Each structure stands twice: as C-alpha cells, then as structure tokens.
Amino acid sequence: MVSFAILALSIAPLAFAQSNEKVLGVYIFHRHGDRTAKSTPPANLTALGYEEVFTSGSYYRNRYIASNAAYKINGINSNLVKQSQIAVSAPDDTVLQNSAIGFLQGLYPPVGDSISTETLRNGTGVTSPMQGYQLIPVNSVMSGSGSEDNGWLQSASGCGQAVASSNEYFYSQEYMDLLASTQSLYDTIAPVVNRTFTGSQVSFKNAYTIYDLINVATIHNASITDADALTPEVLYQLRTLADTHEWGLAYNASNDARAVTGMTLGGEIMDFLNSTLSSQGKQKLNIQFGAYGTFASFFGLAQLPAANAEFKGIADYASSMTFELFTNTSSVTAATYSTPEDLYVRFLWHNGTASNISEPTAYALFGSGQTVLPWSDFTAGMGNFSITSTEQWCGVCRNTTGTCAAHQPAASSGSQSSAVGQSNGNGMSPAVNGVIGAMITLAVVLGVLGLAMLVGGYRLVSKKRMARSTNVGGAEEVKGA
C-alpha cells in the first residue's frame, strides 16, 4: 500500500556504533501476510502471504538470532529454540495464527535429523518429523485485533468507548465532505465490484473493504472484470481514500479512546521490556501478530506522523515494527539490567516484507527527533498513553460490567475512581455518563431512522403481517430493515 521508502528529514543517525551495542531484548509487532479479501469470508492466508511472513522471519533470524547476527540478542539460542527465551502471540484468527506459524518457520528453521534424533532406553532411535521442524507455541490473545473477516477490527476490541469514538468519525465534517465529493469516483468502479457490493454500498463509507477487494484482485485475478476502469490513477485514489478512512477510525488526537488498541499494545511492549530487565535477560524476544488498525492507533499515539507523514497510511501485508532494548557498554553483566542510564531503545519500521535487500528503518518516537532514546525518555513517552492494567483499560473504555465491575467505586462511598480515563470533567459517574451516552446515541439513531423513513418512503411492518405475507405469496420486501 503506502510506500515508506522515502526517509523523513527528521530521521537522525544512530547515536552509537553498532559494534558498541549489546541487544538485550526485542519486541516485534507484525502484520499478517497476503490473504483473500475481507468481503468474501472466510479470509485465508495465501501462498504469497505464507512466503512473505516466512521471508520476514528469516530476516529477523539473521538480524537477532543467527550465530553471526549483526544485532544478536545477548544469550539467545541460535539453532535449537529455548522456549523460555521467546513468547509468540496472535489473536484467535486463522490468518493471523497461520502467519505467526509461517514467520516462526523462518525464525527457527528445522535443525536436521542429526540434531533431532534421540535414543530411547530400549535402544530404539526416534527421528523428529520434517527434518527436525521446531514446534513453537503461538498463544491466543484478545488484544491486537479481531477476526480478519471483520471489515473494521475495532468493533471486536470489547471497548465500548473505543467503538463509540470510532463511530463518531461517520458524523465528522471530513467524512461527510469525502462521502459527497468522491461518489463519482466510486460510481465509475461500481461495475468492477458489483458481484460483491450493491450500488448503494459503493461509496466512501466502505472505502477500505472496496479497496481491499480490488487490491486482492489485482494481485491474484488476471482477468479482473472491467479492468479498464482501474487505471493507476484510480487505484491510487482508492488506496489513499482507504488510508484516510481507516486512519479516521483508528486515531483521533482529541479522543484517545479511539486508539485503545494502540494503548494496549503500548502496555504490552512496556511489560515485556520491563520483564527483560527484571529477569536479567531471561526473556529475550516477544513477537505479536496483529492487524493494521493497531499499527495506525499506535502510530498516532507515538506521534510517528511527525517523523514521516506516510505513517498515516495502512500498513501493508507482512509489515513489522520493532523495539530494540540495548546497552552500549562493552560487556553485559547482571548490573547492566538495573542501570537505566546505560539502557537505550530504538524503534524500527518496515512497510511490507522485511528482507536482506529491504531492511527496516529507524524512526523518531514521540516527536523527539531522535532515533535512539535513553530508557528513561522512552518509558516516559510510552507512559503518556500506554494501558498497563485492567483498571486503566476499564477507565478508558468506561466499561462497568464483567471484569470491570471490580474496578468501579462503591456506590455508597461517593469516591471517584483513579483509573486512567475515568475522569470526564462533568462531575458525573461513569455509570451515569454511560446511561446518558446511550440515550443520546439512541436519539441519534431514531432521528436518522425517522429521516430515512420520511425521505426514502420506508415503512415499518409488523412480524405478524410479514408472516401473513410470506404464507400467501412469498417474502415481502421490507425497506429499511
């Protein structure tokens, strides 16, 4: 999708020579590989997608794990994986889970029969299948994204305030203007997608799913219908409109709740890097697979568009962002992990599949202008938005049931919760605000419905009448249902 090859002028050179660095821990957040279209579920990882994530895994092996790796993680096993050193996770989604497995095949390839053969007590020799294929568990997580079959992944986050905030985008002036001004463009490509989308659906409202369908077709379908309509200029417009649409849903500077997936990811990154330090390097590598929406939310929170405006674009298949925790001391000892002034973090990003001929680039976080941050500056910047506890998440989301019930203030105490995001400045409790918000939302929905019925001639039909109509002469079409 959006190319990140052009470096921003604000990118600074590395502060330390690579030969002086000792990498202590690495966190990688990775997008899945090429897949089938969202609008024709179920989405599945393609052979191309499998190759993309495998190539990326092989690159990161060469960077962090191989015996001759340029940035080898201190003490990590090069050939046989040591499970305690690595943690891998992905949402319970076929595309993301399979992408993680493909990536791991490149990260820790089969070790061969000579290493994977063992002898039993009775003298029988047993050889591991598939030339010593290494089994690395992929844990299922709720954060990061929902199913790839969802048009927009934020709806699966379980965060009420995030969903409400994202929906506000559809009432913004920016959205309304683009909906009107781009309709003629979408009308021209309607014949291309008319087997999947109805005429009324072909508009900026469905900018991403329309682009996704066309993008998949341009990769895999040699005989795409009405290809003459898909000129390079049209494809570029569809892509940039999809970028704008998804950015509007993922991040808003005046309403951080919209970026709750990025906040949660920030907390997970900090939790792992702190664990690397507290365990004195026993936890070395954490890899999480997730969706483009989480990338966008994190980019906005970390002010990455200040380093390159193209961070507002949708992350391409197999994209990855990496956080390297390292020291510039000549040797690593137990004291190294408890000496903050000797610790640094570097953020790297690659749009699309990373490889030896197309490597990640370092960018400045938090508008700092520095591609290498002292540990204290990094933790301060991440602390401005990261969610590190269930109580914080409940506060930002204003959720009050389930696991969040335990974090609500006692009704009789009159005290206010200290959870991040609970305060709203109007003096009312989250529960009261939730009721008011629900009533306002209902009023808006009813108002829109009433307007649609008035203008479009829609009507409501009772279930009994529908049943009678069906029994007499077939199903009756009910407009607006």
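Q: Is the crossing of H10 and H13 left-handed or right-handed?
A: In this model, which is predicted, helix H10 crosses helix H13 in a right-handed sense. As a general idea, two packed helices are described by the angle between their axes and by the distance between those axes. Here the axes of H10 (residues 260–278) and H13 (residues 390–397) come within 11 Å and cross at roughly 165 degrees. Since angles over 145 degrees count as roughly antiparallel, H10 is therefore roughly antiparallel to H13.

Q: Which residues of H10 and H13 make the contact?
A: On the side of H10 these are Val260, Met263 and Thr264, while H13 brings Trp393, Val396 and Cys397. Sorted by class, the contact of H10 with H13 has 5 nonpolar residues, 1 polar residue and no charged ones.

Q: How should I read the angle at which H7 and H8 cross?
A: For H7 (residues 183–193) and H8 (residues 207–220), the axes come within 11 Å and the crossing angle is roughly 50 degrees, so the two helices are oblique to each other. The crossing of H7 and H8 is left-handed. At the contact, Tyr186, Ile189, Val192 and Val193 of H7 meet Ala207, Ile210, Leu213 and Ile214 of H8, and by class this gives 8 nonpolar residues, with no polar and no charged ones.

Q: At what angle do H8 and H9 cross, and within what distance do their axes come?
A: The axes of H8 and H9 come within 8 Å, crossing at roughly 140 degrees, which makes H8 oblique to H9. The hand of this crossing is left-handed. From H8, the residues Ala207, Tyr208, Tyr211, Ile214 and Thr218 meet Leu235, Leu238, Arg239, Leu241, Ala242, His245 and Glu246 of H9; by class, the contact has 8 nonpolar, 2 polar and 2 charged residues.

Q: What should I look for in the backbone at proline 42 and at glutamine 131?
A: Most residues other than glycine have a negative phi, and most peptide bonds are trans. Against that background, proline 41 and proline 42 are joined by a cis peptide bond, with omega at about 5 degrees, and proline 42 sits in the loop between strand S1 (22–31) and helix H1 (47–65). Glutamine 131, although not a glycine, has a positive phi of about 55 degrees, and this residue lies in helix H4 (residues 129–132).

Definitions and conventions: Residues are numbered from 1 along each chain as its sequence is written. This is a predicted model: local features need pLDDT of at least 70, side-chain atom pairs count only at pLDDT 80 or more; totals for chains, interfaces and linings use all residues. Side-chain values use heavy atoms; hydrogens and water are left out. Axes are lines fitted to C-alpha atoms, for helices over the stretch in contact, and angles run from 0 to 180 degrees between N-to-C directions. Helices (H or I, at least four residues) and strands (E, at least two) are DSSP runs, numbered from the N terminus. Angles under 35 degrees count as roughly parallel, over 145 as roughly antiparallel, 65 to 115 as roughly perpendicular and the rest as oblique. A crossing is left-handed if the near helix is turned anticlockwise from the far one by less than a right angle, and right-handed if clockwise. Contact means heavy atoms within 4.5 Å. Ala, Val, Leu, Ile, Met, Phe, Trp, Tyr, Cys and Pro count as nonpolar, Asp, Glu, Lys and Arg as charged, and the others, Gly among them, as polar.
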